[in-house]
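Here is a short briefing to read alongside the model.

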Amino acid sequence: METYIDVLLVTANVGSLFDNVAEIESDWLRELFGTVRIHKPRFVALHFQEVGGKDYMDNMGHAENFFWNIESSEEMRDFDRVCVYVDNHFKNVDSFTALGSMYFIHKSLKNIYQYDFNDKWGRHGCYFLVVRVDCVGCLLIVHCNICPSLRACLCDFCRGLDLINVHLFHDASNLIACNASPSIYSANRQKALRYVINRITDSSYTPLPFFLFGDFNFRLDTLSLVQNLSTSAEVQTVMKDCSNDVEKIICEEKDNEHKVLLHIETKMFAYLHQAVFREDNGRALLKYDKEITAFHDVITEEEILFPPSYPYSEDYTKPTQYMNTRCPSWCDRILMSHTAKDVIHRVSRVVYNALGPNVCMGDHKPVFLSFALKTNGH
């Protein structure tokens, strides 16, 4: 007999939270707990990126408190089994990932197992798969004894799920991102993600439905978007002194006022009509969100009905405003294999949305997926 288990998956880049704990944490946690109360899941998976923030060596103490505040909260009291995995080896600069994951199992669920990738058996074993991409697109795979990636062999669930925490490389320069379509950064992320997917589906292990959720750093096709935004503008390209390098791109309106419509520098993307990224949840811009299309053969996603998740203002008084640092994009995503999509119960409500739309959550809005998972009824 087929039954169903309510599941909540959340991905959150918490870098700026740890850089502004006093201002952000309480509201951040309230939004998370409110989502748990509304959707009443019996299995919760939280994937974090940039744990510790920019000053991670100083902030790891805050990280321990942050995880404990979630685990010991009243809202999570009915989850009697919790698995927490955090990469706190920050002194190993070459391998430190700043990834962390928490998995909560409700007291009503029985026969829950975690897969041991060494013994290939359901037990409390761990596996750690991390992908990092440097500025020239090199790929580094790190294996450790701790793991933000989890294979949950859940007898109360289907026959098992793979849950993978992902953080891919960002766009280092807005100017370089404007050079080509797709950009060099997009091409590097594509190589990295294809590698990850190949590892997940490696024939060495029994293939299972999988969910990939994290900060993919997917960006809009910047060149195509800029060309569209500047069709009625005068475009000036300013070069650096005594070099052939571009310093800035300025697009001015052609009317008498000559307002600056768009100003782009390495770490500046200031568009005059920023509301376009929020109106109708940015739906008009989804056609520029192209990075996932290369993977439609193996992964899919629920329909995006929320505004770009990054880069929001870190000023707690401006929770819906984007910073003028990067082009707003849907960086934070929950992707799944086609087999994973098949185990989602479609009669029940499926919700794919951002946490804290009207609250400062840091520069990234966390993204969640709530759904009922088909089980085997045992």
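Let's begin with Ser224, which touches Ser181, Tyr288 and Lys290, leaving aside residues up to four places away in sequence. Please keep in mind that this is a predicted model.

**Ser224**
- Ser224 sits in helix α6, which covers residues 222-229.
- Is Ser224 buried or exposed? Its relative accessibility is 19%, so Ser224 counts as buried, the cut-off being under 20%.

**Nonpolar cores**
- The largest nonpolar core has 49 residues, and Leu9 and Phe211 are the ones that touch the most other members.
- Strand β19 (residues 367-375) contributes the most to this core, with four residues.
- Another core, of 36 residues, lies apart from it and includes Met76, Phe96, Leu355 and Val359.
- Beyond four places away in sequence, the contacts of Phe211 include Leu9, Leu161, Asp162, Leu163 and Ile164. Phe211 also touches Ile334, Leu335, Met336, Ala340, Leu369 and Phe371.

**Cavities**
- How many cavities of 30 Å³ or more does the structure hold? There are two.
- The largest cavity has a volume of about 50 Å³, and its lining includes Asp171, Asn174, Arg219, Phe269 and Arg326.
- That lining divides into three nonpolar, three polar and three charged residues.
- The second largest cavity, with a volume of about 30 Å³, has Phe269, Tyr271, Phe277 and Arg326 among its lining residues.
- Six nonpolar residues, two polar and one charged make up the lining of the second largest cavity.

Note on methods
Residues are numbered from 1 along each chain as its sequence is written. This is a predicted model: local features need pLDDT of at least 70, side-chain atom pairs count only at pLDDT 80 or more; totals for chains, interfaces and linings use all residues. Side-chain values use heavy atoms; hydrogens and water are left out. A nonpolar core is a set of buried Ala, Val, Leu, Ile, Met, Phe, Trp, Tyr and Cys residues joined through side-chain atoms within 4.5 Å. Buried means under 20% relative accessible area, exposed over 50%, partly exposed in between (1.4 Å probe, protein chains only). Helices (H or I, at least four residues) and strands (E, at least two) are DSSP runs, numbered from the N terminus. Contact means heavy atoms within 4.5 Å. On a 1 Å grid over the protein atoms alone, a cavity is a set of points where a 1.4 Å probe fits but cannot get out, and a pocket is an open set with protein on both sides within 12 Å along at least five of seven lines; lining residues have an atom within 4 Å of a point. Grid points are joined across faces, edges and corners, and a volume is the space filled by probe spheres set on the points. Ala, Val, Leu, Ile, Met, Phe, Trp, Tyr, Cys and Pro count as nonpolar, Asp, Glu, Lys and Arg as charged, and the others, Gly among them, as polar.
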